[in-house]
Amino acid sequence: MTTRILLADDQESVRVGFRLILDSQPDMEVVGEAVDGLQAVDLAGKLRPDVVLADIRMPRMDGLEVTRLLAGPTAEDPVRVVVVTTFDLDEYVHTALRNGACGFLLKRSGPALLVEAVRAAMAGDTMISPSVTVRLLKHLQSPGRSPGKQPVEALTERETEIARLVAKGLTNAEIGTELFISAGTAKTHIANIQRKLDVRNRVGIAAWVWDNGQAE
């Protein structure tokens, strides 16, 4: 089954680069390009893509508002949105995730993570650039911080190990290499960890690790 993708970025060079990367995948197809936020929302309604890759700083409407309209809690027919940006400001990350984004990727992350972010979105996972994840979680670590909420169900030893690696910012593939398991197995473990911790994404897992003194 082919994943249909809409690109929203005001820089033509970025759109061309993303299209080359994504169209080279056997299961992905770029079905449209938007040069600003308003056009992105309009094309999303007309083309009904599976995933929208949206830059933050665009004319007429920024990517954060695009995300809210397409993927937020008030969206009538939500679309998966991955924010792809040059700017990794904490406020952008928080707003994007609060507005319903299922991924936050830095443009410098490279082709492999771009493809992985699209696949993660389709699988109901959330891909956040590892460097962003680690930085956000270091902000959460502070002296005297009270422990986080306890898991709905206790984590296994392997799940705790994987949660720590998530807190270090490792991707599924990197976790697989570290533990000699497949990326798919790592992904399954992460899904189970999210369920047990009752968190929405990898940032939630990593926050639990920091809050409960599990970071290495």
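Student: Leaving out residues up to four places away in sequence, which residues does Leu64 touch?

Tutor: In this predicted model, Leu64 has its place in helix α3, and with a relative accessible area of 9% the residue is buried. The C-alpha atom of Leu64 is separated by 9.4 Å from that of Gly100, which is 36 residues apart from Leu64 along the chain. Once residues up to four places away in sequence are set aside, the residues that Leu64 touches are Ile56, Tyr92, Thr95, Ala96 and Asn99.

Student: How many helices and strands does the chain have, and in what order do the strands stand in the sheet?

Tutor: The chain has 10 helices and 6 strands. The 6 strands form an open sheet with parallel pairing, and β2 and β6 (127-128) stand at the edges with a single partner strand each, so one side of each is left without a neighbour in the sheet. Read across the sheet, the order is β2-β1-β3-β4-β5-β6.

Student: Which residue of β5 is the bridge partner of Val84?

Tutor: Strand β4 covers residues 80-85, and it pairs with strand β5, residues 103-106, in the parallel sense over 3 bridges. In β5, the bridge partner of Val84 is Leu105.

Student: Which element gives the most residues to the largest nonpolar core?

Tutor: The largest nonpolar core has 21 residues, and those with the most contacts inside it are Leu22, Leu53 and Val82. Two or more residues come from each of β1, α1 (12-23), β2, β3 (51-54), β4 and α5 (111-122). With 7 residues, the element that gives the most to this core is α5.

Student: Leaving aside neighbours within four places in sequence, which residues are in contact with Leu53?

Tutor: Leu53 is among the residues with the most contacts inside the largest nonpolar core. In soluble globular proteins, nonpolar side chains tend to be buried together. With neighbours within four places in sequence left aside, the residues in contact with Leu53 are Ile5, Leu6, Leu7, Ala8, Leu22, Val82, Val84, Leu114 and Val118.

Student: Which elements do the buried residues of α2 pack against?

Tutor: Helix α2, residues 37-47, has Gly37, Ala40, Leu43 and Ala44 as its buried residues. They cover an arc of only 120° around the axis, which puts them on the same side of α2. An α-helix has 3.6 residues a turn, so residues three or four places apart point the same way. The elements that the buried residues of α2 pack against are β1 (3-8), β2 (28-34) and α3 (63-71).

Student: Is Asp9 buried or exposed?

Tutor: Asp9 lies in the loop between β1 and α1. Its relative accessibility is 4%, and because a residue under 20% counts as buried, Asp9 is buried.

Definitions and conventions:
Residues are numbered from 1 along each chain as its sequence is written. This is a predicted model: local features need pLDDT of at least 70, side-chain atom pairs count only at pLDDT 80 or more; totals for chains, interfaces and linings use all residues. Side-chain values use heavy atoms; hydrogens and water are left out. Buried means under 20% relative accessible area, exposed over 50%, partly exposed in between (1.4 Å probe, protein chains only). Helices (H or I, at least four residues) and strands (E, at least two) are DSSP runs, numbered from the N terminus. The arc is that of the directions from the helix axis to the C-beta atoms. Contact means heavy atoms within 4.5 Å. A nonpolar core is a set of buried Ala, Val, Leu, Ile, Met, Phe, Trp, Tyr and Cys residues joined through side-chain atoms within 4.5 Å. Two strands pair if DSSP finds at least two bridges between them.
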